[in-house]
Amino acid sequence: MLAALVFVSGSYSAVSAQTIDSDVEESDSVRVYFRQGIYKLELDFEDNEKNLESFIARMHRLYKERRFAIKQIRIVSGASPEGTSKINHMLSDKRADAILKHLSNYMALPDSLINVVSPGIDWEG
């Protein structure tokens, strides 16, 4: 099982946001889990659904309060070291895409804010 992190920065990390009227930076994140060798986002796996819903609700509060401007949404995804480098890079990329697609169903995510990091093998995962 491997986790992918979503960061929002603005200053928010994993999902990260920054206040509009001050230099205060804050960050938030959510960890999403995938089965080994699978890139499909399974909401019923681990606590994915609960964690994503909670994260999305926090982001909606930030938008609603208008105290924060999200500067970046960073998605970090990887794959376990089993398998070839080519397969692990494909899994890593497709997992990031799956998370981005899911979040896009609930939040406005301008391309200019998206930063995807998918290194293939995630030794820390």
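This report walks through a predicted model of a single protein chain, from its overall layout down to a few individual residues.

## Overall layout

Let's start with the big picture. The protein chain has two helices and six strands. Reading from the N terminus, the order is β-β-β-β-α-β-α-β.

The chain is 125 residues long, and 41% of them count as buried. If you take the contacts between residues at least 6 apart in sequence, 65% of them join residues at least 24 apart.

## Helix α1

Helix α1 covers residues 48-65, which makes 18 residues. From the first C-alpha to the last, α1 reaches 26 Å, close to the 26 Å expected at 1.5 Å a residue. Its buried residues are N48, L52, F55, I56, M59 and L62. These sit on the same side of α1, because they cover an arc of only 115° around the axis.

An α-helix has 3.6 residues a turn, so residues three or four places apart point the same way.

## Helix α2

Now for α2 (85-104). The buried set here is N88, L91, S92, R95, A96, A98, I99, H102 and L103. They share one side of α2, because their arc around the axis is only 155°. K86 and K101 are exposed on the other side of α2.

## The nonpolar core

Which residues touch the most other members of the largest nonpolar core? They are V32, L41, L52, M59, I99, L103 and M107, out of 19 residues in that core. The elements giving two or more residues to this core are β4, α1, β5 and α2. The largest share, five residues, comes from α1.

Two of those names have already come up on α1: L52 and M59 are among its buried residues. Likewise, I99 and L103 belong to the buried set of α2.

Is M107 buried or exposed? M107 counts as buried because its relative accessible area is 6%, below the 20% cut-off.

Leaving aside residues up to four places away in sequence, M107 touches I56, M59, H60 and Y63. Of these, I56 and M59 are among the buried residues of α1. M107 and I56 are 51 residues apart in sequence, yet their C-alpha atoms are 7.5 Å apart in space.

S77 is found in strand β5, which runs over residues 68-79. At 2% relative accessibility, S77 is buried. Where does the side chain of S77 reach? It reaches the backbone oxygen of S92, at 2.5 Å. S92 is itself one of the buried residues of α2.

## Two salt bridges

The structure holds two salt bridges. As background, side chains of opposite charge can pair when their charged atoms come close.

One of the two joins D28 to R58, with the closest N and O atoms 2.4 Å apart. This pair links distant parts of the chain: D28 is in strand β4 and R58 is in helix α1, 30 residues apart. D28 counts as buried at 14% relative accessibility, while R58 is partly exposed at 23%.

The other is between R35 and E42, where the closest N and O atoms are 3.0 Å apart. E42 sits in the loop between β4 (25-34) and α1. Not counting residues up to four places away in sequence, E42 touches R35 and N48. N48 is one of the buried residues of α1.

Notes
Residues are numbered from 1 along each chain as its sequence is written. This is a predicted model: local features need pLDDT of at least 70, side-chain atom pairs count only at pLDDT 80 or more; totals for chains, interfaces and linings use all residues. Side-chain values use heavy atoms; hydrogens and water are left out. Helices (H or I, at least four residues) and strands (E, at least two) are DSSP runs, numbered from the N terminus. Buried means under 20% relative accessible area, exposed over 50%, partly exposed in between (1.4 Å probe, protein chains only). Contact means heavy atoms within 4.5 Å. A polar contact is a pair of N or O atoms within 3.5 Å; within protein, one must be able to donate a hydrogen and the other to accept it, and residues adjacent in sequence count only if both atoms are side-chain atoms. The expected span of a helix is 1.5 Å times one less than its number of residues. The arc is that of the directions from the helix axis to the C-beta atoms. A salt bridge is a side-chain nitrogen of Lys or Arg within 4 Å of a carboxyl oxygen of Asp or Glu. A nonpolar core is a set of buried Ala, Val, Leu, Ile, Met, Phe, Trp, Tyr and Cys residues joined through side-chain atoms within 4.5 Å.
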